[in-house]
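Here are my notes on the hairpin and the salt bridges. Have the model open while you read.

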Amino acid sequence: MVQTAMAGPTDVIIEVAKVKKYFPVAKGFLTGRAKGNVKAVDGISFKIRRGQTYSLVGESGCGKTTTARMVLLVETPTSGVIKFNNRDLTNSHNMDRREYRTSVQAVFQDPWSSLNPRMRVGPIIMEPLLANRRLSKQEAQEQLETLLQDVGLHPFHADYYPHEFSGGQRQRIAIARSLALRPQVIVLDEPVSALDVSIRAQIMNLFKSLQQRYGMSYLLIAHNLATVRYMSHQVGVMYLGKLVEEAPTRELFTNPKHPYTRALISAALPSHPDIVRDEMVISGEVPSPLSPPSGCAFHPRCPFIMEQCRVQMPELRQVQPEHHVACHLADL
């Protein structure tokens with residue numbers, strides 16, 4: 001399992017501070033007025049440290065991917081601040097954003113949809129590098145061969161088309177392309193969920209070895225807790241656009257504080273069939289982000305609900321060193 005280490009302010013490469021993303025709902029046909037806002041992300045804060053992996057987990061629709069899109073500057077935050085190397089990107093110049101986009105790359109869930117089927121693998125991998133760097137033909141060829149070897153492919157694969165590869169090999173191509181500019185951060189959006197189970201471990205091991213070799217940081221978006229536990233240093237649990245718990249990986253999985261986190265861990269398959277776990281089942285579905293419940297957003301599904309939960313929203317606060325939780329039960 002990945003261990004976490006104490007880090008100071010200088011070790012933070014990306015800081016997300018009180019970031020919100022609201023999407024306005026279409027206007028009513030008769031009234032002509034907007035119906036409200038979908039609160040996809042509702043004031044979350046976290047830090048990604050150098051050379052470490054920060055994971056966001058939660059059910060579909062909790063705001064994980066929207067958060068990743070804001071970190072990639074694909075979406076503009078409604079409010080809040082995103083900092084890169086302590087520089088505010090929300091008020092930055094175009095030059096700062098260009099530098100940021102070369103320093104932060106992405107690997108997505110489906111490699112087939114992110115690779116141009118009409119291009120050979122060589123140009124696909126080298127496209128971002130040639131667009132941002134001046135290289136001689138020999139330098140470009142050397143870089144291409146290095147990138148292919150870094151991800152476990154052979155130099156002759158540069159002449160193939162994406163459809164000539166398996167799913168795992170296509171994901172390796174996507175990883176090679178993300179490495180071309182030697183980024184400081186890579187956003188991994190469900191990077192192994194579309195792959196066969198037998199291939200997932202290989203790709204996860206590849207990510208870990210590349211991180212150790214080049215010192216990159218990862219923002220991992222995932223719903224598979226086994227993937228998160230294996231790859232992460234720090235984990236944030238999201239529910240209805242908010243962080244409800246955050247802790248180092250080992251601490252979160254051995255001592256979860258929030259009922260939602262405990263339910264997610266209970267629903268996941270154990271690492272060994274002999275492990276005995278406390279079964280915890282939550283009923284119902286995630287409420288609509290257009291009209292979230294009052295008080296704690298999780299209270300309609302929580303088996304430990306108190307009257308306070310219905311009326312007062314709990315704040316995310318520290319309960320142990322580096323362990324934060326947003327739950328009134330943490331006071332008991």
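1. Two terms to start: strands pair if DSSP finds at least two bridges between them, and helices (H or I, at least four residues) and strands (E, at least two) are DSSP runs numbered from the N terminus. This is a predicted model, where local features need pLDDT of at least 70 and side-chain atom pairs pLDDT 80 or more, while totals for chains, interfaces and linings use all residues. Residues are numbered from 1 along each chain as its sequence is written, and side-chain values use heavy atoms, with hydrogens and water left out.

2. Look at the hairpin. Strands S11 (residues 317-320) and S12 (residues 323-325) pair antiparallel over three bridges, with Arg 317 opposite Val 325. Two residues sit between the strands, and Glu 322 has a positive phi near 65°.

3. Glu 322 also makes a salt bridge to Arg 49 at 3.0 Å, N to O (a side-chain nitrogen of Lys or Arg within 4 Å of a carboxyl oxygen of Asp or Glu). Arg 49 is in strand S2 (residues 37-49), 273 residues away from Glu 322. Both residues are buried (under 20% relative accessible area; exposed is over 50%, partly exposed in between, with a 1.4 Å probe and protein chains only).

4. Now Asp 150, which forms a salt bridge with Arg 182 at 3.5 Å. Asp 150 lies in helix H5 (residues 137-150) and Arg 182 in the loop between helix H6 (167-179) and strand S7 (185-189), so the pair ties together parts 32 residues apart in sequence. Asp 150 is buried at 10%, whereas Arg 182 is partly exposed at 35%.

5. Asp 150 meets Arg 213 as well, at 2.8 Å, N to O.
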